[in-house]
Amino acid sequence: MNASTGGEPASTVTLFDRDPGAALKHHFGFEAFRPLQEQIVADVLAGRDLFALLPTGGGKSLCYQLPAVMRPGLTMVVSPLIALMKDQVDGLRTAGIPATFLNSSLGYADVRRRMEGLARGEYRLLYVAPERLRTPDFYERLAEWGLARIAIDEAHCISEWGHDFRPEYRTLAELRRRYPAIPIAALTATATGRVRDDVIAQLGLRAPHVYVASFDRPNLTYRVTPKLRAPEALVRFVRERERESGIVYCATRRTTEAAAGRLCAAGIPAAAYHAGLEPGTRARVQERFVRDDVRVICATIAFGMGIDKPNVRYVVHYDLPKNVEGYYQETGRAGRDGLPSDCLLFFSAGDIAKQQHFIDEKPEPERSLARAQLTQMTRFAQSGECRRRSLLAYFGETYPAGPCGACDNCLEPRARVDATTDAYKLLSCVVRAREASGFGFGLHHLVDVLLGHETDRMWRFGHDRLSTYGIGKDRPRAGWLALGNDLLRQGLLESEGAHNTLALTPEGRGVLAERRSVEVTSAPPTPARRGSTPTGGGAPKGDGSYDVTLFERLRTLRRRIADERDVPAYVIFPDTTLRAIAHDLPRTLGALRRIGGVGDKKLAEFGQAFVEAVAAYAEDAAAPTAP
Ligand code: ADP
Ligand code: ZN
């Protein structure tokens, strides 16, 4: 694939080398820059050092890839994510951009072949893992290969202040000493002010321009739902998105396997992913997900870092995340392609207690930090405020007041309903059980008492003789659990110790003593998807309909082409492009080129096949067409 691009005469300067907008369309097929991309590209072209903080999906790669094809010389990209390099290089090559990578996954002969290609100047981009810089002679080689620019991806990894410090990143400090004249661009999606200053200092950036994009992800919808009958709720949620890809984050390995098993049993192709799997299995699971063979991955947080899949349509947090930062990063893996995507968090008081339990076993000062983070996370989950505004506030950003239009609290502001009678029943039950036994009980047992259940513990503690035994039969178990969680949230109840035994707070005692009324937030409705279409394709926001049947045919075509080339489907065209084709129905190559994501190389290689598919579909009289 590289041979065709080696012979370009270096002296011809075309429009595509001068005009970034034209180059963007020609090479990548994109119509417009995302926020800050244009400024960053201009800086790289001008040979300036820079630091860029863009959210996931913000389009960091393009910031160094576009200058790499517009200017002669080699761009070296340092990235810790070895698993990602191959897909990125495949993507570039499919777009006609000569690129390669060097990392530990390659055999000796392969490395040599690539180095020979580099020596002949065949590549515009070289991806390397930081370890590579320790190889003897590597710096000399880079100079021979015509190194012209350096991009450091995941730049926060160099800082011990960051959450993902990698010691091997420290070697990067050497780059500036070895190559004083080569400009360096540092890019990351995670950095506080302190990490940013540290990265700049460590890399020795010279008067860098610092770019900080908004962390708002307008295409993501955030929802929090009570964790009740969670396995069934998960199956229902995934079923509604059957043809889409998604990630389900779980707190433990066991939960990942249970959740994946549950989904498989419901006929949904799902797989578990966690650190306990052997590396070969892990790589296979990841590969099957990227290639759309498996739709859903139930994973511990180990999953997702090394994945560049733009069409992840949802991220579910089955268990409570440890902190808001992690939650933001994980949800951020949804919808990188900019299409509407869903983030759902299952929340229960039990999960808070479980986390607390882990935290209690940590030594100080980690313990205090973890506690503070958990409190913030809990506050976020319980809040009735706009999720987007609270998330952004966490990162020091102010989101304008008024409904954001894409979070549960803005879409379905929850009504406050009177629950005085039931609240009294539950609060008294807490008091009675404690008085009778001399110690406290957890919510589940107390709900058993209210429901009048005949359990072992009931007989053992004699709780069938309590005055509250069986007085709550008119409310279902889930309703009592939700009420309990709400009273905890309101601070009328508190839970203590490893067993989460409940007790009344002074506030709760006051409510009972003074016969004050109690309101609770009505249960949120089951999450429904935005922009629904008959077969679950999901209409793009604002743009209305596209032909779902044609979209499916185009997906099949894309899949066939991708399999022939042994690359992930999104490398051929992203979903956004297929949706646009299914909307505009281009019948000529000229019309196809006007669609976002169709660059000139891809137009030449696949354009005919897609135009023909549209024509065949339109002529197929039997095929129903969408309005
Ligand atoms: P990041 O590394 O910041 O998470 P990526 O570089 O992976 O983001 O880009 C996310 C997605 O957005 C990719 O699928 C990429 O092709 C796409 N993309 C990047 N820039 C643009 C643009 N200007 N217009 C349309 N899509 C873009
Ligand atoms: Zn909102």
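Predicted model: local features only at pLDDT ≥ 70, side-chain atom pairs only at ≥ 80, totals over all residues.
**Entry 1: around ligand 1**

Next I looked up some polar contacts. In the side chain of Ser61, an N or O atom is 2.6 Å from an oxygen atom of ligand 1. For Arg336, I noted a polar side-chain atom 3.2 Å from a ligand oxygen. Gly58 takes part through its backbone, with an N or O atom 3.4 Å from an oxygen atom of ligand 1. I also wanted to know how much of ligand 1 the protein buries. Taken alone, ligand 1 exposes 570 Å², and the protein buries 81% of that.

**Entry 2: helix 14 and helix 15**

I moved on to two helices, residues 349–360 (helix 14) and residues 366–382 (helix 15). I read off an angle of about 170° between them, with their axes 10 Å apart. Angles over 145 degrees count as roughly antiparallel, so helix 14 is roughly antiparallel to helix 15.

Which residues meet here? From helix 14 I listed Ile352, Gln355, Gln356, Ile359 and Asp360. Their partners in helix 15 are Arg367, Ala370, Arg371, Leu374, Thr378 and Gln382. By class, I have four nonpolar, four polar and three charged residues in this contact.

**Entry 3: two backbone details**

I stayed with this helix pair and checked the loop between helix 14 and helix 15, where Pro365 sits. The peptide bond from Glu364 to Pro365 is cis, and its omega is near 5°.

Last, I went to the loop between helix 2 (20–28) and helix 3 (37–45), where I found Leu36. Leu36 is not a glycine, yet I noted a positive phi of about 75° for it.

Technical notes
Residues numbered from 1 in each chain as written. Chains lettered and ligands numbered in written order. Heavy atoms only, no water. Polar contact = N/O pair within 3.5 Å; in protein donor to acceptor, adjacent residues only side chain to side chain. Areas by Shrake-Rupley, 256 points an atom, 1.4 Å probe, with all protein chains shown as cover. Axes fitted to C-alpha atoms, helices over the stretch in contact; angles between N-to-C directions. Helix = DSSP H or I, 4+ residues; strand = E, 2+ residues; numbered from the N terminus. Parallel < 35°, antiparallel > 145°, perpendicular 65-115°, else oblique. Contact = heavy atoms within 4.5 Å. Nonpolar A, V, L, I, M, F, W, Y, C, P; charged D, E, K, R; others polar.
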